[in-house]
Amino acid sequence: MINTSRSDYIIRLFDVASVTRKLLVIFILLLPLQRLLKKLFIQNKFLVKFVSYSDEVSTLLMFAILFAFIALKPRVYVFRIMELPTTRPLFLFILVASFSMAYNSVYVFQGVFGIYDVIKNILVFYVFATLRWRREEFLSFIFWIKVIVIVLAVTGIIGEILAIGGIDPSLNPLVRMYGEHKKRLGLDRVISITGTGGVNYLGLYALMGFFLIYATTKNKLEKFLGMFSTLGLIFLTFSRQAWMGLFAMMVLTKRKLIWPGLLIVAGIALMTIPSVQRYTPDQYYRSFTYFEAFRIFLDHPFFGAGPGMFGGLASVIFHSPYYDDWPRYFLGKIYSFGSLDAFWPSILAEVGILGFTAYLYIWVALYRKLSIVAGWYKSNGDTLLYNIGTVLKNYSVALVIMCFFTGFNKPFVVYTFFALCGIYLSLFLQREEDDGLIVTNKQG
């Protein structure tokens, strides 16, 4: 007989209705189309705002669903967050950030929002890891991610062909919606359904799809065509962080790929060296913000200037005094973007070396857990889930690289990744839970 003592049901995963899980997956899948939907709903201000801020409130809504389950069945459902690898370093980060907020006398609402703004993406991981998923749902989710990536690749490549062929831009619907192509290395940077402003994130999303196609597609022709088109999209973004992520994941996947990967490094150098003078702090926004972040860090090395004070959306909303002496051009940039163009410098400036280390350890802990779980699946003969776990583990490295050169709050990249990680660990926890129930049955 199964023992239903408190020690058993406290670790039970949330068995929500299938339709709820499907809605969550659909929400994640639609995130790359967020800007397209805004264009389609341009005449309806309510829908435009709803689409624009859907990712801002989605995490809170997801947790509301889970808290409703706890309220209805408190003796059945309890968050099992301490079993998840990111929990302790996340709590440590929140503790350091809270101390920094108090130490620097940051306005409470500004500081709290600043902390939430940098952890909201990680909270998505907890929502998906706490639900009870089926293997078929996970593989279906991955299948549709691959479909969306290929659609993005095909539309982007077609648009690039039209641009190179000198076709009238007015005949290209993507140009009509998002504006002209931008140039890099004498070629047009790709325009895809995601729009022009997020070309670096498009490259990172395509990178995820590229390796998922490699790891999960059985049909050789479909695998080749999918990887070829997606690689073409990554190339046409001319995104240095996407190319660096590709190099890192190639080497992490197979060490012998370091030699062809050096061609990617050469391409990055080719993009950077000819215009190195343009990257000086007095001309280049990202260089300027790096120097400003480092200056603040030197003034506040241990706990930073306080959460919400530099680099994030909170600092813009609450008009941080650290921007008062900025040149007008750069000041316009941060108020236009809503944040810095780099995540790690912002973390270092806001919460110092202690908060930076705690936040980085969140990634280290996640990487280690994904590696352990992938190894467990390999030892149990489940090659498919081992391959997927390896992709997720290696992709976490690509995201760490991304955060040196751009922001972290791009939902269609980060939400998708943490949703996949959450489901992946949920499947593993279910195996552990089932094994525990088997042992309890034998003991009874």
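Predicted model: local features only at pLDDT ≥ 70, side-chain atom pairs only at ≥ 80, totals over all residues.
Me: Why is L23 called exposed?
Reply: Its relative accessible area is 55%, and exposed means over 50%, buried under 20% and partly exposed in between (1.4 Å probe, protein chains only), so L23 is exposed. This residue lies in helix α2 (residues 18-30); helices here are DSSP runs of H or I with at least four residues, numbered from the N terminus.

Residues are numbered from 1 along each chain as its sequence is written, and side-chain values use heavy atoms, without hydrogens and water.

Me: What makes Q110 count as buried?
Reply: Q110 has 7% relative accessibility, so it counts as buried. Found in helix α7 (residues 108-130), Q110 touches P307, G308, M309, A314, S315 and F318 (heavy atoms within 4.5 Å), leaving aside residues up to four places away in sequence.

Me: How do you know that α12 is largely enclosed?
Reply: Ten of its 14 residues are buried, so the rest of the structure largely encloses α12. Among them are R240, W243, L246 and M250.

Me: How do you know that the span of helix α12 (residues 240-253) agrees with its 14 residues?
Reply: The expected span is 1.5 Å times one less than the number of residues. That gives 20 Å for α12, and its end C-alpha atoms are 20 Å apart, so the two agree.

Me: Where in the chain is confidence lowest, and where highest?
Reply: Helix α1 (residues 6-9) is lowest, at a mean of 39, and helix α6 (residues 87-103) is highest, at 96. Over residues 1-11, pLDDT is below 50, and this stretch has 19 contacts in the model beyond near neighbours in sequence.

Methods: Helix = DSSP H or I, 4+ residues; strand = E, 2+ residues; numbered from the N terminus. pLDDT = per-residue confidence, 0-100.
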